[in-house]
Amino acid sequence: MKIIYSCSFNLNDYRGHSRATRQKIKVLARHANLQVLSLSSGKFKFLQLFFLEIRSILLLIKIKPDIFISRGFVGYFAQKVANYLKIKTVREVHADSVGEVKNYNKNVLEKLVYLLFAKLSQAIDLKSDMRIFNHPYLLRWFRKKFYYSKNDFFSYNGFDYTSKSLLTKKKARKKFNFIDKKKYLIFTGSASYWHGINYLSNLQKAFNKMNANIQIICGGGKIITNDDPEDVLINITPLNEKNCSDLVMAADACIVSVRKSRVSPGSPLKIYDYFLHKKMVITSRNLKGYSDEVLKYGNGILVDFNKTHQAATKIIKKMKYLNKSKSAIKIYNFSWDNVILKWIKFMKKTINNNYS
């Protein structure tokens, strides 16, 4: 199967969506004849987008792939060319791009520009033969707001085996100067609004009041003052991919909270990184993409982050049993290899017109 994958961001960027895309296309390339187009680093993004669209069109004409996958602000005209050439079009949909603009920390003019591009992205979503959503809530929202298509499906993220830290837990703890007798809860990734860093701050304050020997450490992104006004969290930033993996290896357990401010709460790469390192995972209860995956993983704690004292008490109690071995946990189902096989299955059905 020949595939062209075109996305409107830099794949070498440190941010989560770039990292996740790098990992998925590496696996996709093992299952298909894959050509990848993306933005480069540097300035003139609008001009780069224009040329990315042209490059996508020219490559479609040149190699006539079976599938054209696009993500972000690229693909509007390329999609029309693909339709003319009878090439199936696929979109990765990760958010209600139009609805989320209001949450951006931007001025009015910047929000207007983002809104225009979000509407462009949504127009491409609507005209695709098939959509891959990153969360069932997002798929349900799309079907309710726009239309139902049997070609659409959701797929969570996965982990990349090669991203695992090469350090032992002991060496990783030494690298970050961790105290032997203290327990460390690790959160890695961006500190975006919807990641609910404020919940982690409140939880740390509860640990401190209860004299629990537990410290939450964040690694990767900058934390705004409003999310941690008393500066109780330890934040290591910036932190690249390798160092984030080493930080996870140093953890006694890992934690990820979610602020329910989006149609899709996301399918965070960080959860699967935690699975890869076989760490106990603390996350929100009754939240698909988080609680259901942790329950399948079989080594975690589900809490209500809005009930801080109750959550802290539950975590403290559970931390006593961290020394139990979890080496028998089967983690393949959470890998990108398994996720991409699901992609391939659905795309082949689309090519063969098995769906009406």
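Trainee: What makes V93, A95, D96, S97, Q122, D125, W141, F142 and F146 the lining of the second largest cavity?
Mentor: Lining residues have an atom within 4 Å of a cavity point. V93 and F146 are among those that line this cavity, so each has such an atom. The elements giving two or more residues are α4 (108–127) and α5 (136–145). Helices are DSSP runs (H or I, at least four residues), strands likewise (E, at least two), numbered from the N terminus.

Mentor: A caution on the source. This is a predicted model, where local features need pLDDT of at least 70 and side-chain atom pairs 80 or more, while totals for chains, interfaces and linings use all residues. Residues are numbered from 1 along each chain, and side-chain values use heavy atoms, without hydrogens and water.

Trainee: How do the lining residues of the second largest cavity divide?
Mentor: Five are nonpolar, two polar and two charged. Asp counts as charged.

Trainee: And what lines the largest cavity?
Mentor: K24, E92, H94, I132, F133, N134, S155, Y156, N157, W336, V339 and W343. Its volume is about 60 Å³. The lining divides into six nonpolar, four polar and two charged residues. Lys and Glu count as charged.

Trainee: Which element supplies the largest share of that lining?
Mentor: α12, with three residues. Both β5 (130–133) and α12 (336–351) supply at least two.

Definitions and conventions
1 Å grid on protein atoms, 1.4 Å probe; cavity = no way out; pocket = protein on both sides within 12 Å on 5 of 7 lines; lining within 4 Å. Points joined across faces, edges and corners; volume = space filled by probe spheres on them.
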